Every structure is written in C-alpha cells, then in structure tokens.
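Me: I'm new to reading structures, and I'd like a close look at one part of this one. Could you walk me through how a pair of its helices sit against each other, and then show me what lies around them?

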Amino acid sequence: MYGLVNKAIEDMICKYHGENTWETIKQKAELEDIDFFVGMDAYSDDITYRLVAAACEVLDMEAEEILKAFGEYWVTYTAEEGYGELLDSAGNSLGQFMENLDNLHARVGLSFPQLRPPSFDCEHTSEKSMELHYQSTRQGLAPMVIGLIHGLGKRFHTKVDITQTSFRQQGASHDIFAVEYDDSQS
C-alpha cells in the first residue's frame, strides 16, 4: 500500500489517541525504525496489517472497529491532503460517487503507478438503494468499506445504512453490501 494510507493511520491515531499511543503502536508493530511514511512511496501491505494488529492490541479494539473508523476517517483525510478536487470530480451525491469509484481509482493510478485498487460494482435495487460488489486482492478490508461508505454519507449529508450480505472471508467470491441511503436531508 502507499505511504498515504499509513500516514492516514498515523494521523487518525495521533488525533484521537495521542502521539505517545502512536509510538507504542509503531513499537508493537516493530516499525520504530520508520520515522515517517512518504505518501507517494509504495510500502509492503504487511506494514499496514502490522499497524492495524498493533493498534488492536494497544487500543483494545477489534480489527473490524479500527478498519471501520479508518474507512470513515480516510474520506476526510484524503480531501484535506489535497485530493478534494479529485473527490469532487467523482460525483456530487453518494450514489453518483459510488458509481464512479473505479474511475476515481483509475485516475489516482496515474499518480500512483503501483496502485492495486479494489473494484466496486454498483447494482441499483431502487432509487435509494444498491448492492455494492467489492473485490480486492487484499484480505480482510471489508469493514473499511463500511467505514468509507459512512464517511461518504457524511460528505454528502446523506443518511446511510449498510449491511454486508456476502462475505469473502466465509468463502464467497467477493464481498457484497446492501446500501440504503436517503439524501433528502441535503
């Protein structure tokens, strides 16, 4: 994964739990030799997984909780880190944005040549609901997708309800989420 992801994890931990907690997590993950992550550099996925595992231990939280919180945080973080215009270009509503996730990742890939993005496919089941099909070469990140969708709901002032209906970790070919949303509040 790119350093931008690890930097965002660091930022989230420091913001909500303090820099000392971040240093403890880095130590538990055996990454104390890394002073900082370079956003545009590619790092082994193992580093990110080690950070999450260490955060689970230090914060006494399940990985699912941390990944959901991180997914939600990622939406705000990337907008603040200079990717706001890129996010804006992907749509001005939750449904439109989710339809454009693969296009967004293709555009991001121009700046991040080693990017291995997930794939998202939306099947609209009604005007305010969809099935989101998520496929990734990486294991165990479905909870992050739930957090991302909640973060996008906040971005678009849209009430969102997400239920995972198919689980890759339980043998399905990919993860599927039922997403219901109400943007009438905007």
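Reply: Let's start with helix H2 (residues 19–28) and H3: in this predicted model, their axes come within 8 Å and cross at roughly 125°. Angles from 65 to 115 degrees count as roughly perpendicular and those over 145 as roughly antiparallel, so H2 and H3 are oblique to each other. As for handedness, H2 passes H3 in a right-handed crossing.

Now look at who touches whom. From H2, the residues involved are Thr-21, Trp-22, Thr-24, Ile-25 and Lys-28. They meet Leu-51, Ala-54, Ala-55, Glu-57, Val-58 and Leu-59 in H3. If you're wondering about the spacing in lists like these, an α-helix has 3.6 residues a turn, so residues three or four places apart point the same way.

Next, find the loop between H2 and H3, where Glu-30 sits. Its phi is near 55°, which is a positive value in a residue other than glycine. That's worth a second glance, since most residues other than glycine have a negative phi. Glu-30 is also exposed, with a relative accessible area of 59%.

Asn-6 has 0% relative accessibility, so Asn-6 counts as buried. Leaving aside neighbours within four places in sequence, Asn-6 is in contact with Phe-37, Tyr-43, Ile-47, Thr-48 and Leu-51.

Among the buried residues of H4 are Phe-70, Tyr-73, Trp-74 and Tyr-77.

H4 itself has a curious outline. This helix (residues 63–89) has 27 residues, but its end C-alpha atoms are only 31 Å apart, short of the 39 Å that a straight helix would reach. Follow H4 along and you'll find a kink of about 115°, centred on Tyr-83. Just after H4, Gly-91 takes a positive phi of about 145°.

In the loop between H7 and strand E3 (159–166) you'll spot His-157. Phi of His-157 is near 50°, a positive value in a residue other than glycine. With 55% relative accessibility, His-157 counts as exposed.

Key:
Residues numbered from 1 in each chain as written. Predicted model: local features only at pLDDT ≥ 70, side-chain atom pairs only at ≥ 80, totals over all residues. Heavy atoms only, no water. Helix = DSSP H or I, 4+ residues; strand = E, 2+ residues; numbered from the N terminus. Expected span 1.5 Å × (residues − 1). Bend = angle between axes of the 7 residues up to and from the residue. Buried < 20%, exposed > 50% of the residue type's maximum accessible area, 1.4 Å probe, protein only. Axes fitted to C-alpha atoms, helices over the stretch in contact; angles between N-to-C directions. Parallel < 35°, antiparallel > 145°, perpendicular 65-115°, else oblique. Left-handed = near helix turned anticlockwise from the far one by under 90°. Contact = heavy atoms within 4.5 Å.
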